[in-house]
Amino acid sequence: MSHVLNCKIISHRRVGADCRRLVLAAPQVAQAARPGQFLHVRCGGTADPLLRRPLSIHDVDQEQGLVTLLYRVVGRGTALLAARRSGERVNVLGPLGRGFAPPPAHRRVALIGGGLGIAPLLFLARELVKEEREVWVFHGARTAVELGCADFSVLPVQLLVATDDGSAGHAGSVVGLFRESAAKMRPDWVAAAGPHGMLRVLTSEMRRLDLPGEVSLEERMGCGIGGCVCCSCRIGAPGNWQYRRVCADGPVFAAAEVVWE
Ligand SMILES: Cc1cc2nc3c(=O)[nH]c(=O)nc-3n(C[C@H](O)[C@H](O)[C@H](O)COP(=O)(O)OP(=O)(O)OC[C@H]3O[C@@H](n4cnc5c(N)ncnc54)[C@H](O)[C@@H]3O)c2cc1C
């Protein structure tokens with residue numbers, strides 16, 4: 001069930017190169033949220049900008065009733081959000097969307113995040129660890145400093161990193177790192193989020209390895225609840241696809257069903 005809530009900011013700080021970690025008091029969301037879902041956030045304190053901005057749920061603390069978002073400042077909405085201070089209230093709508101649904105039988109799971117695509121994967125890793133699955137996290141970023149936006153050290157997972165400039169871990173793409181590691185790791189399921197180009201290459205790699213899994217898509221979003229249809233993507237098979245709404249039918253889809261444009 002989704003809620004519209006005015007959530008108190010518990011902490012809001014800069015992490016990594018140019019990201020912010022925002023912790024909100026949102027007990028109802030913390031109880032209801034599933035990994036891969038998102039909040040639709042009113043970034044300024046007013047109705048301007050009119051449209052909310054979608055941000056993935058990065059982490060959840062059900063006991064304390066806290067929800068954490070991780071975001072990069074890229075434009076007006078996120079710049080307004082970055083100016084909000086602890087103690088202020090942020091209006092959110094959520095949790096929204098269809099999250100990740102790893103089948104119980106799959107026990108060796110690879111989570112692959114490119115850039116801020118890492119955001120939904122911490123919450124997912126936490127849930128998979130609770131279910132005693134073996135979790136490998138592949139985190140790709142432009143530089144070592146950017147890797148600092150997400151902290152997986154709190155969880156018993158295997159973390160492998162890749163940077164475009166070679167300043168940490170594998171030099172090159174996170175998909176390249178996954179390709180190199182897959183033989184050793186022998187994953188039986190994959191969850192991924194990141195830029196379209198990265199996800200497209202990854203899904204063709206998954207097809208080659210005959211690996212099932214899901215990807216979280218990002219499209220410009222309007223209402224966030226399925227009404228305006230502006231975030232549509234193509235789901236199905238080439239030549240036999242249908243438009244699906246990223247906000248309401250996704251943002252998580254079976255990797256094999258995404259028709260990349
Ligand atoms: C389901 C979902 C979950 C998301 N989760 C996160 C998250 O956890 N952390 C995070 O940092 N970002 C996330 N995003 C992207 C985030 O919503 C956008 O960066 C944000 O809306 C930009 O708002 P703005 O007003 O700052 O920028 P705008 O002024 O609206 O745009 C600035 C630039 O960003 C580009 N842009 C804006 N929105 C998107 C988008 N959805 N996809 C690709 N490019 C975009 C624009 O084309 C433009 O170049 C998510 C998007 C979706 C759809």
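In this predicted model, an oxygen atom of the ligand lies 2.4 Å from an N or O atom in the side chain of T78. Two further pairs involve the protein backbone: G75 places a backbone N or O atom 3.1 Å from an oxygen atom of the ligand, and E219 places one 3.2 Å from a nitrogen atom of the ligand. The table sets out these pairs.

| Residue | Protein atom | Ligand atom | Distance |
|---|---|---|---|
| T78 | side-chain N or O | oxygen | 2.4 Å |
| G75 | backbone N or O | oxygen | 3.1 Å |
| E219 | backbone N or O | nitrogen | 3.2 Å |

Taken alone, the ligand exposes 870 Å², of which the protein buries 76%. The ligand sits in the largest pocket. Which elements give two or more residues to the shell around the ligand? They are strand β4 (53-61), strand β5 (66-72) and helix α2 (76-82). The largest share comes from β4, which gives four residues. The shell holds 20 residues, and those that come nearest to the ligand are R53, P54, G77, T78 and R220.

Is E214 buried or exposed? Its relative accessibility is 6%, so E214 counts as buried. The side chain of E214 makes a polar contact with the side chain of R98, at 3.0 Å.

The cysteines are the remaining topic. How many disulfides does a search of the whole structure find? The search finds zero. For C19, the closest cysteine sulfur is that of C149, and the 4.8 Å between the two sulfurs is too far for a bond. The cut-off for a disulfide is a pair of cysteine sulfur atoms within 2.5 Å. C233 is likewise in no disulfide, and the nearest cysteine sulfur, that of C231, is 7.6 Å away.

Both C19 and C233 can also be described by their accessibility. C19 has a relative accessible area of 2% and is buried. C233, at 5% relative accessibility, counts as buried. The cut-off behind these assignments is a relative accessible area under 20%.

Technical notes. Residues numbered from 1 in each chain as written. Predicted model: local features only at pLDDT ≥ 70, side-chain atom pairs only at ≥ 80, totals over all residues. Heavy atoms only, no water. Buried < 20%, exposed > 50% of the residue type's maximum accessible area, 1.4 Å probe, protein only. Near = heavy atom within 4 Å. Polar contact = N/O pair within 3.5 Å; in protein donor to acceptor, adjacent residues only side chain to side chain. Areas by Shrake-Rupley, 256 points an atom, 1.4 Å probe, with all protein chains shown as cover. 1 Å grid on protein atoms, 1.4 Å probe; cavity = no way out; pocket = protein on both sides within 12 Å on 5 of 7 lines; lining within 4 Å. Sits in = over half its atoms within 2 Å of the grid points.
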